[in-house]
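My notes follow in the order in which I looked things up.

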Amino acid sequence: MASIRESIVRVVIDRCQAAIAPAEVIRQPVRPVTREQCPALLLSIESDSARPMANDRAERILAVRLTVLVRDAPGDDAWALADELACRAHAALMVDPSLGGLALRIEAGDVDWQADDADVDAIAVPWALRIVYRTLISDITKGG
C-alpha cells in the first residue's frame, strides 16, 4: 500500500503528463536531462513536513518544485514554449486542488530564480507548490 504522499505525487505526475504530452514528466532526475528528452517537466520533492494535530492526526506539507526545461528552441520561442507547458501543467493541477480527495489544498510556493550559463540554449522555468494534506500520525497510508 502506498503512502498518501506517494499517492499525491503519482496524481501530480499523471495530471501533468496528460497536460503536457508529448513532453515528458521526469521525477527526481539524478542525471542531466538530455537534449532529446526536452522539452520536459522536472518534478522534485523538496520536503515533507508534519505538524501533529488532535485525534492522532498530522497535517503535512509536501513541498514540490516543478521546472519546465526547454532546449534548442529558437529565440523567444523557448520562453514561450516553457511558459505554455508550465501553464498547462498548472491548470491541470488546479482543476481539482484536492487531487481527487488526497489533499486539502495546493498553495503557491516561493521560487528562487537562478540563471545558469552552462548551456545557453537551455531555458528553465521553475515554480514551487506546497500540497497540504493530512494523515494519521500512526499510519501514513491513511488520510486524516
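**Helices on the sheet**

I began with helix 1, which lies across strand 1, strand 2, strand 3 and strand 5. Helix 1 runs at about 155° to strand 1. Axes here are lines fitted to C-alpha atoms, for helices over the stretch in contact, and angles run from 0 to 180 degrees between N-to-C directions. Contact means heavy atoms within 4.5 Å. Helices (H or I, at least four residues) and strands (E, at least two) are DSSP runs, numbered from the N terminus.

I noted the ground rules before going on: this is a predicted model, where local features need pLDDT of at least 70, side-chain atom pairs count only at pLDDT 80 or more, and totals for chains, interfaces and linings use all residues. Residues are numbered from 1 along each chain as its sequence is written, and side-chain values use heavy atoms, with hydrogens and water left out.

Next came helix 2. Helix 2 lies across strand 2, strand 3, strand 4 and strand 5, and runs at about 10° to strand 5.

I checked the length of helix 2 (residues 77–94). At 1.5 Å a residue, its 18 residues should span 26 Å, and the end C-alpha atoms are 25 Å apart, which agrees. The expected span is 1.5 Å times one less than the number of residues.

Which residues of helix 2 are buried? I found A78, A82, L85, A86, A89, A92 and L93. Buried means under 20% relative accessible area, exposed over 50%, partly exposed in between (1.4 Å probe, protein chains only). Seen down the axis of helix 2, these buried residues fall within an arc of 130°, so they line one face of the helix. The arc is that of the directions from the helix axis to the C-beta atoms. An α-helix has 3.6 residues a turn, so residues three or four places apart point the same way.

I then looked at what this face meets. The buried residues of helix 2 pack against helix 1 (4–20), strand 2 (40–52), strand 3 (57–71), strand 4 (105–109) and strand 5 (122–136).

Five of them form an open sheet in the order 1-2-3-5-4, with mixed pairing. Strand 1 and strand 4 stand at the edges, each with a single partner strand, so one side of each is left without a neighbour in the sheet. From one strand to the next, the twist averages 30°. Two strands pair if DSSP finds at least two bridges between them.

I went through the pairs:

- Strand 1 (residues 24–27) runs parallel to strand 2, joined by four bridges. E24 stands opposite A40 in strand 2.
- Strand 2 and strand 3 are antiparallel, over 12 bridges. R51 has E59 in strand 3 as its bridge partner.
- Strand 3 and strand 5 are antiparallel, joined by 15 bridges. A63 has R130 in strand 5 as its bridge partner.

**Two residues of strand 3**

I picked L66, which sits in strand 3. L66 counts as buried, at 0% relative accessibility. Leaving aside neighbours within four places in sequence, L66 is in contact with L41, L42, L43, L93, V125, P126, W127 and L129.

T67 is in strand 3 too. T67 is buried, with a relative accessible area of 14%. With neighbours within four places again left aside, T67 is in contact with A40, L41, L42, A124, V125 and P126.

**Loops and backbone**

Most residues other than glycine have a negative phi, and most peptide bonds are trans.

The bond from A21 to P22 is cis, with omega near 15°. P22 lies in the loop between helix 1 and strand 1. The bond from C38 to P39 is also cis, with omega near 0°. P39 is in the loop between strand 1 and strand 2.

The hairpin of strand 2 and strand 3 has four residues between the strands, and N55 there takes a positive phi near 60°. D56, in the loop between strand 2 and strand 3, has a positive phi of about 60°. D56 is partly exposed, at 37% relative accessible area. L99, in the loop between helix 2 and strand 4, has a phi near 50°. L99 is buried, with a relative accessible area of 1%.
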